[in-house]
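Student: I would like a close look at a single part of this chain. Please start there, then connect that part to the rest.

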Amino acid sequence: MNALAAFSIWAQKNRWIWAAIGVLLLWLVLSVVTNRFSLSSLSGIMLSASFLTVVGIGQMFVVTTGRGNIDLSVASVITLSAFVALLTIKGQDANLAIGVAAAILLGLAVGVLNSLLVVGLGIPAIIATLATGYVLATATLLSNRAIPSFAVSPTLKTLASGRVWGMPIMAIIVIAGVAATSLVLRYTVFGQLLSAVGQNRAAARLTAIRNGRVIAAAFIISSVLASLNGLLLGAYIGGAFLEMGQPYLLQSIAAVVLGGTLIFGGSATAVGTLFASILLILIVTTMQIIGLPPGVQDIVQGIVVIFVLALAGRQALSRRAPAEPAADDANPAIQAGDRPA
C-alpha cells in the first residue's frame, strides 16, 4: 500500500483533516498575497472563529442524532440571550452569576421546548425549531424596548475579548471545550449512544437505548451553548442588537458539515467543527480584503453553504446504511418508544 492510499484510508476516518488542510492553504495564500498576515492576525481570526465554534459544537450534537435534524432556533437564542444578559447583569460584576444563570436557564427552557416538539409531538426538527425561533424573536423585540442603555460586566468583557500571552482567552476556553467534547464523543457512554441513535434508531431501540432521551439531550446542549455564546458575544461587541445571531445560523451548519460530521448523523467530530469554523472566518476575511460588498459576501457564503451541504449529502448517501423499515415510522407503538419515559 502506497502512502497516498494509506492517507486516503486514514482521512476517511479523520474527516476533519480536509478542513484543516483548507485552513492551511487559505492562510498561506492570504499571507503571500497580502504580506500582512501574522500570528497576531491569526489570533484575531481565532477569536472570531471561537464564537462560531461554540454554536457549531451544539449544532453538531443535534445533527449527529440523524434524520436531518438541525436546530434553526440558535440564531434567536443567541440574540435573546445577549439582551437577557444586559437586562440582568447591568454592567456589574456583582450580577454576573445571575446573568450566567439566566442564560443557562434560557438555553435549558428552549432546549426542553424543542425536545418536546421534536420527540414528544413528532414534529420535524427543522419546522419545530423554526417555530421556536419565531417565538424567541418576539421576546427579543420586547427585551429591546426594555433596555435603557448598554453596559458590560468588566469580568465578562475580559473573558470575551481579553488575551493571555497574545492568545485570546475565548479561544483558549473554546479549544479546551473542543478537547473535552472530543473525549465525550469518543470515550463516554453518551457519545456512544449518540452515534448509535444517529446511525440507526431502530437498531438502537432494539438494544434498549432510549432514543428520545438522547435526542432531547442533544437539543438541550445546542440551546445552552447558543445561549452562553450570546452572553459572551454581547460582552465582546459591547451590547446587543436585533438579528445579531443571524449570521451564526447557516455558518454553524456549514461548520458542522464542512468539519466532517455526517449530515445524516451517526458520526461527529468536534475538532473538525473547530477547523471548519476557522476556515469559514478566513473565507469572510478574504472577501473583506478583496473588497466585496456585504450583499455579495452573503451570496458567496450562501453558495459555500449550499455546495458543502450538497457535497456532504452525496457523500453521506453513498455511505448510508440500508434504510430503516417503513413500518418503524408507521407503527405508533414503536414511535412511542422514542419519547422520554
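Tutor: Start at serine 115. A polar atom of its side chain lies 2.7 Å from the backbone oxygen of glycine 111. This is a predicted model, so the distance is computed from predicted atoms. Serine 115 sits in helix α5, which covers residues 96-120. Is serine 115 buried or exposed? Its relative accessible area is 7%. The cut-off for buried is under 20%, so serine 115 counts as buried. What does serine 115 touch, apart from neighbours within four places in sequence? The contacts are Gly120, Ala216, Phe219 and Ile220.

Now turn to helix α11, residues 211-237. On the α7 side, the meeting residues are Leu156, Lys157, Leu159, Ala160 and Ser161. On the α11 side, they are Leu231, Leu232, Ala235 and Tyr236. By class, this contact has 7 nonpolar residues, 1 polar and 1 charged.

Next comes leucine 193, in helix α9, residues 189-199. Leaving aside neighbours within four places, leucine 193 is in contact with Ile209 and Val214.

Helix α1 has residues 3-13, and helix α2 has residues 16-34. Their axes come within 7 Å and cross at roughly 105 degrees. Therefore α1 and α2 are roughly perpendicular to each other. Phe7, Trp10 and Ala11 of α1 make the contact with Trp16, Ile17, Trp18 and Ile21 of α2. The class count here is 7 nonpolar residues, with no polar and no charged ones.

Now for the core. The largest nonpolar core has 81 residues. Which residues have the most contacts inside it? They are Ile278 and Leu282. Helix α3, residues 39-64, gives the most to this core, with 13 residues. Beyond residues up to four places away in sequence, leucine 282 touches Val23, Leu26, Trp27, Leu30 and Ile45.

Two loop residues deserve a look too. Arginine 67 lies in the loop between α3 and α4. Its phi is positive, about 55 degrees, although it is not a glycine. Arginine 67 has a relative accessible area of 37%, so it is partly exposed. Glutamate 243 is in the loop between α11 and α12. Here too phi is positive, at about 70 degrees, and the residue is not a glycine. The relative accessible area of glutamate 243 is 52%, so this residue is exposed.

Finally, step back to the whole chain. The secondary structure comes to 16 helices and 2 strands. Of the 341 residues, 47% count as buried, and serine 115 is buried too. Take the contacts between residues at least 6 apart in sequence: 77% join residues at least 24 apart.

Methods:
Residues are numbered from 1 along each chain as its sequence is written. This is a predicted model: local features need pLDDT of at least 70, side-chain atom pairs count only at pLDDT 80 or more; totals for chains, interfaces and linings use all residues. Side-chain values use heavy atoms; hydrogens and water are left out. A nonpolar core is a set of buried Ala, Val, Leu, Ile, Met, Phe, Trp, Tyr and Cys residues joined through side-chain atoms within 4.5 Å. Buried means under 20% relative accessible area, exposed over 50%, partly exposed in between (1.4 Å probe, protein chains only). Helices (H or I, at least four residues) and strands (E, at least two) are DSSP runs, numbered from the N terminus. Contact means heavy atoms within 4.5 Å. A polar contact is a pair of N or O atoms within 3.5 Å; within protein, one must be able to donate a hydrogen and the other to accept it, and residues adjacent in sequence count only if both atoms are side-chain atoms. Axes are lines fitted to C-alpha atoms, for helices over the stretch in contact, and angles run from 0 to 180 degrees between N-to-C directions. Angles under 35 degrees count as roughly parallel, over 145 as roughly antiparallel, 65 to 115 as roughly perpendicular and the rest as oblique. Ala, Val, Leu, Ile, Met, Phe, Trp, Tyr, Cys and Pro count as nonpolar, Asp, Glu, Lys and Arg as charged, and the others, Gly among them, as polar.
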